[in-house]
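Good morning, and thank you for coming. Please look at the sequence and the model on the screen while I speak.

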Amino acid sequence: MPKTPNQDSAQDAVPTPAAEAPQIIEQNGQKLALVATIKTAATNREFQNNVQVVQRQRAEAVELRRRIEQAVTTGEKDVLQKRFAEVEKSLNENNALMVKTYGFSLARNYVIRFHKTKLYTPLTDEEFAKVSPEDKAKPDAIKSIEGKVFLYIAAIDGVEANDLFRQNVQLVQNQRNRLVQIKQSLDAPGGDADAKAKLKEEFDKSEETLKKNNEEMVKLYGFSLMRNYLLEVEESQLYVALSKEEADKAAAA
């Protein structure tokens, strides 16, 4: 994590000014206040990476505190306490930077809403060779990340469309996982014959449902469970969950 926000981050992650009345929404009965708008794919990637950094540091601090409490010797405890002090100092600095840059703090609960997403699929060398020069010349048609080549598949615009896409992906992934579980049970030796017959019936029906749903995903998004994908979030908004007192105060303002 950078010690100070780079220029792009400062411009492309826009925290809501404290002096302004925040935008308030409600989701699943919870009031949420907008704290930042993250405007580019690079800044969204940086934000997610930075969240993972501070979460790992917090997990390490919790583990070190546990080990300090269980330490038997003074020497062991001193070593652990020194490491804990280093991790805690770095965590506090990085968390303060996250608050400054994105309005994000580990002390609060957040919801991120996706506004613009682009979907890419990785290409083999053979697949890349088959892409026409015209298609390769289109804006954002080809993306290279860490030596891998990705082909643009679809753009998903709007919060509702992004929520629906992620729900549908989760649905077909859960259906596939259930099929794997059933197949493992069917392939296991022994077992009750009637129970396996019912499992086979469930497997056949679930397989047909998954096939139809996957075909629909291909039609809607160009997404198939048969391939790997990259989701590039190009714009998102970060909301903090409000307590009742905070929600009442915001409403009054």
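This is a predicted model: local features need pLDDT of at least 70, side-chain atom pairs count only at pLDDT 80 or more; totals for chains, interfaces and linings use all residues.

**Loops, strands, helices and cores**

Residues are numbered from 1 along each chain as its sequence is written, and side-chain values use heavy atoms, with hydrogens and water left out. The names of helices (H or I, at least four residues) and strands (E, at least two) refer to DSSP runs, numbered from the N terminus.

Asn28 is not a glycine, although its phi is positive, at about 55°. Is Asn28 buried or exposed? With 78% relative accessibility, Asn28 counts as exposed; the word means over 50% relative accessible area, whereas buried means under 20% and partly exposed lies in between, with a 1.4 Å probe and protein chains only. Asp140, in the loop between α5 (133-136) and β5, also belongs in this part of the talk. Its phi is positive too, near 65°, and Asp140 is a residue other than glycine. Asp140 is partly exposed, at a relative accessible area of 41%.

From these loops I turn to the strands. Two strands are said to pair if DSSP finds at least two bridges between them. Strand β5 (residues 142-145) runs antiparallel to β6, and four bridges join the two. Within this pair, Ser144 stands opposite Val149 in β6. The hairpin of β5 and β6 has two residues between the strands, and Glu146 there takes a positive phi near 50°.

Which strand pairs with β6 over eight bridges? It is β4, and β4 and strand β6 (residues 148-157) pair in the antiparallel sense. Lys118 stands opposite Ala155 in β6, and Leu119 stands opposite Ala154 in β6. In a regular strand the side chains alternate between the two faces of the sheet. Strand β4 (residues 110-123) is also joined to strand β7 (residues 230-241), by ten bridges, and these two run antiparallel. Here Tyr120 has Leu230 in β7 as its bridge partner.

Next come the helices. Helix α2 (residues 41-70) packs with helix α3 (residues 74-102) at an angle of about 150°, and their axes are 9 Å apart. Axes are lines fitted to C-alpha atoms, for helices over the stretch in contact, and angles run from 0 to 180 degrees between N-to-C directions. Why are α2 and α3 described as roughly antiparallel to each other? The description follows from their angle, because angles over 145 degrees count as roughly antiparallel, under 35 as roughly parallel, 65 to 115 as roughly perpendicular and the rest as oblique. The crossing of α2 and α3 is left-handed, a term that applies if the near helix is turned anticlockwise from the far one by less than a right angle; clockwise would be right-handed. The contact of α2 with α3 has 13 nonpolar, seven polar and seven charged residues. Nonpolar here covers Ala, Val, Leu, Ile, Met, Phe, Trp, Tyr, Cys and Pro; charged covers Asp, Glu, Lys and Arg; the others, Gly among them, are polar.

Helix α6 (residues 159-187) and helix α7 (residues 193-221) have axes that come within 9 Å and cross at roughly 150°. Therefore α6 and α7 are roughly antiparallel to each other.

Finally, I come to the cores. A nonpolar core is a set of buried Ala, Val, Leu, Ile, Met, Phe, Trp, Tyr and Cys residues joined through side-chain atoms within 4.5 Å. In the largest nonpolar core, which has 17 residues, Phe47, Val54, Met98, Tyr102, Phe104 and Leu238 touch the most other members. At least two residues of this core come from each of β3 (30-38), α2, α3 and β7. Which element gives the most to this core? It is β3, with four residues. A second, separate core has 14 residues, including Ile156, Ile182, Phe203 and Met217.
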